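These are my notebook entries on one structure. I went through it one topic at a time.

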Amino acid sequence: MQPQARKVPLSSGELGYYVAGEGRPLVYLHPAGGVRWTRVLDELAKSFKLFVPIMPGFDGTPAHASVKSMKGLAGLAGEFIEKIAGGTCDVIGCSFGGYLATWLAAERPQLVDHLVLECPAGFRPKGKGERPADPEALKKLLFLHPEKLPPETKPAEQEAGNRGMLAHYGYPADTDEELLARIPAIDKLTLILHGTADRMIPKESVQLLKSRLPHAYLVYIWDAAHSIEVDQPERMLAVLTSFLERSEGFMVNWGTLAVNPG
Amino acid sequence: MKFSFFHLMPYTHLDPESHEWPFPNRYFDAAKASALYRTYVESMIHAESCGFDWVGCNEHHFSPYGMMANPNLIGGALAYPTKRVKIAIVGNLVPLNNPIRVAEEYAMLDCMTGGRLVAGLMRGIPHEYLAYNIPPGESWERQREAVQLILKAWTEPEPFGWEGKHFQYRQVSIWPKPMQKPHPPLVISASNADSAKFAAEMRATMGMVLLADLPSGKECIRAYREAARSHGWEPTADNILVGMHTCIAETDAEARRQLANGLKYFDEVLMGGLQASQRIVLQKTRYFENEESRDRWKSRLDKRKTLTLDEQIERGTVLCGSPETVVAQIRRIHAELGHGVFNFTVKVGTLPDDVIRRGMELFRDRVLPQVRDL
C-alpha cells in the first residue's frame, strides 16, 4: 500500500507526515533512523488509517526552532493527533518513537487510547545496552536478519542526520529519570515489545517499564534484534493486531489447534 | 571429580528376541514394572550414601529401553529421601514437550529439593520424534527456541509473553520459580560439534552420556571450549560431563561376565526396535543439520553392535572391572578428556540389581577415595 506524503501547519512550524489505509486512526511514531515503511506498516494500513508524522529535523525536514526537548516534541505529536488523527487514538512508538510515545502518554493522556512501545528507548539502566561505534556496527545491532530489509534505503548522510537530532531533543544516554518518575501515573493499556536478540535496548529497560506501568504487557519476539519490524514482521503483527483489535482479550487464543477439523 | 549415578530404568522381562518399533506393549507386565520402579528408586536413594554427587535419570518413550516417560516423577520420588545429592534430570526432551511445563516442573523440583536440581534440556534421540509426532527436521529449531523460553520463564522478574516460531504464549508467570538463582545449572547434550556449540552458547554443562570413542569426545570438548570462549566465558572441568556403561565387581573377570550379559540384553532387546526406528528418522528427515553428523550417529549405532566388550574397554567407552581396574580406567579417561563429572550408567540391560548394589559399595570403599581429587 503506497502511503501518501502530506504536510500540516502546526503552532511551531510545518510537519510532514504519511497517511495510508482506511479505518480507525492509528498513529505510528518513528525510530531514530527516521521513517522506514516496513511490511508491518503496510499490513497495519490494511485495517487502520495509519498516520506516520515525520518529527522535525528527521528525513531532511527542518527542525522547529521552539521544539528542543522530548516534552516539546510530545506536545507537537499531541497537536498532530488532535488536528489530523481526529483526537484520541491508539499510538505505536518504535525505539526513539517509543520513548516519545511514553512522553506523549504522560503529557497528553487524553489523546492516547492503547499504547504500543516497540523496543522503547529512554530507559536504559546505566552501563547496559550497546552503543554502535559505526554504521556497520549499528546495522548489526539493528538487524538479525538484514536480508529482510525492504529494498529502499536512505542515503547515509540522511541516516546520520536523523541520529544527530537525538542530541537536539536532549535524548538521554541512559534513563530519563524525569519521565521514569511519571510512568506510574500512565494508566493506558500498554503493550511492550522486545526482540530476544536486542542488544541495543537491554531487557532490563523493558523489564523496568513493565514493572512501573500499571497496565502493561511485555511480549518477547523470538529471533529478533532491535528492529523487530524487519526481523520478524509476522510475529510482531500477530501480537500487535490482536492487541489493537481485542485489547486485554489478546491474551486469549482465539484460533483452533485442530489440524483436521471434522 | 564428581560422580553421577545414572539410571535408565529399563524393563528387563522381555524375551531375548528382536522387536520392531514401537515395542508392542502387550508384553508389558505392570506388576513386574511396579517392582522394578521400587528397586530402581531405592538404588538411586542408596547412591547418596555411597558417595555419589548426583543421581540422574532421563526421558524416553514407547520403549522398554527406559521406563521414564516423565523423569520428573522420579525426581519427585528422590526429593525427600535424599538430603545432599544433586537430582540430575538429564533430561527433559524440550523440543517434544511444552517448554512452560518443563520450566514449571523443574522449578517445583528445585524448590522441593532445596535447590539440588541439575536441569537437563535435551533434544532427544531420533526415535522419540516418532512417539510424540514432532517433525524431526524441526528438532534443532525447537530445541533452541524452547531452551531460551525456559530460561525466560525462570528468570523474568515480571509476567511476559513469547511470540516465537514454534511456541507462543501471551502471558507467562510461573509459580513456583526455581530456588537456585539465576536458575538451576543446565546440562545440554553435546555428542557432536553442533550440539556442543549450542551447549556452550547456553552456558550449560556439556553432556556426552554415551561416549562413542575418546577422539570424538575430545573433538566435542574442543568445539565446546572454543564456542564458550566466543561467547565470553571459560568452562571449568565441572562443565564437562562424560558418561558410560559401568560395572564394578570384585574381580575383572566377574565384572566382564556380568556386564557382557547385561549388554547382550541391552543391544539385542532394548536397542533392537530403537535402532530400526532411528534409521528411518535419520534416512528420511533432517534430524541432523549436516551429513557428517548424521553419518557419525549411524556409525555409532553400528559400532555399538560390532565392538566386543574388550574392545569397548580398550577404547575407553565403558568402565568395567575390579575397583583397582576401574580406578585406572577413570584416570586414563580423565587424562584424555579433562572432564569434571563422570556419569555412570549402572543398569545396563539385565545387569542384576544385587550386582549393582555391590558395585556401589566397592565404588564407595575402593574407587572413590582414589579418584575424588582428580
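**Entry: a proline in a loop**

Is A:Pro172 buried, exposed or partly exposed? I looked it up: A:Pro172 is partly exposed, because 17 other C-beta atoms lie within 10 Å. The scale I used calls a residue buried if 20 or more other C-beta atoms lie within 10 Å of its own, exposed if 12 or fewer, and partly exposed in between, with C-beta atoms placed from the backbone. A:Pro172 sits in the loop between helix H5 (156-168) and helix H6 (177-182) of chain A. Helices (H or I, at least four residues) and strands (E, at least two) are DSSP runs, numbered from the N terminus. I also checked A:Phe123, which is 49 residues from A:Pro172 along the chain; their C-alpha atoms are separated by 8.6 Å.

**Entry: what kind of model this is**

I note that this is a predicted model, in which local features need pLDDT of at least 70, side-chain atom pairs count only at pLDDT 80 or more, and totals for chains, interfaces and linings use all residues. Residues are numbered from 1 along each chain as its sequence is written, while chains are lettered from A and ligands numbered from 1 in the order in which they are written.

**Entry: the sheet**

I traced an open sheet of 10 strands with mixed pairing, in the order S1(A)-S2(A)-S4(A)-S3(A)-S5(A)-S6(A)-S7(A)-S8(A)-S5(B)-S6(B). Two strands pair if DSSP finds at least two bridges between them. Which strands stand at the edges? They are S1 (4-10) of chain A and S6 (168-172) of chain B; each has a single partner strand, so one side of each is left without a neighbour in the sheet. The twist averages 20° from one strand to the next.

I then went through some of the pairs. S1(A) and S2(A) run antiparallel and are joined by 7 bridges, and a hairpin of 2 residues connects them. A:Leu10 has A:Gly13 in S2(A) as its bridge partner. S2 (residues 13-20) of chain A also runs antiparallel to S4 (residues 48-53) of chain A, with 4 bridges between them. There A:Tyr18 stands opposite A:Val52.

Helix H2 (residues 70-85) of chain A lies across S1, S2, S3 (24-29), S4 and S5 (89-94) of chain A, at about 110° to S1(A). Axes are lines fitted to C-alpha atoms, for helices over the stretch in contact, and angles run from 0 to 180 degrees between N-to-C directions.

**Entry: where the chains meet**

How many residues of chain A are in contact with chain B? I found 16 residues of chain A in contact with 13 residues of chain B. Contact means that the C-beta atoms of two residues, placed from the backbone, lie within 7 Å. On the side of chain A that touches chain B, the elements giving two or more residues are helix H7 (203-212), strand S8 (216-221) and helix H9 (233-246) of chain A. S8(A) supplies the largest share, 5 residues. S8(A) is also joined by 3 bridges to strand S5 (residues 160-163) of chain B, and the two run parallel. One bridge pairs A:Val219 with B:Gly161 in S5(B).

**Entry: two helices of chain B**

I looked at helix H6 (residues 193-201) and helix H7 (residues 214-230) of chain B, which pack at an angle of about 35° with their axes 8 Å apart. Residues of H6(B), including B:Ala196 and B:Ala200, meet residues of H7(B), including B:Ala223 and B:Tyr224.

**Entry: the core**

The largest nonpolar core has 182 residues. Such a core is a set of buried Ala, Val, Leu, Ile, Met, Phe, Trp, Tyr and Cys residues joined through C-beta atoms within 7 Å. B:Val55 is among those with the most contacts inside the core, as are B:Ala196 and B:Tyr224. Leaving aside neighbours within four places in sequence, B:Val55 is in contact with residues including B:Phe5, B:Met44 and B:Leu78.

I found a cis peptide bond between B:Val90 and B:Gly91, with omega about -5°. B:Gly91 is in strand S3 (residues 86-93) of chain B. Another cis bond joins B:Trp175 and B:Pro176, with omega about 0°.

A:Cys119 is not a glycine, yet its phi is positive, about 35°. A:Cys119 counts as buried, with 26 C-beta neighbours inside 10 Å.
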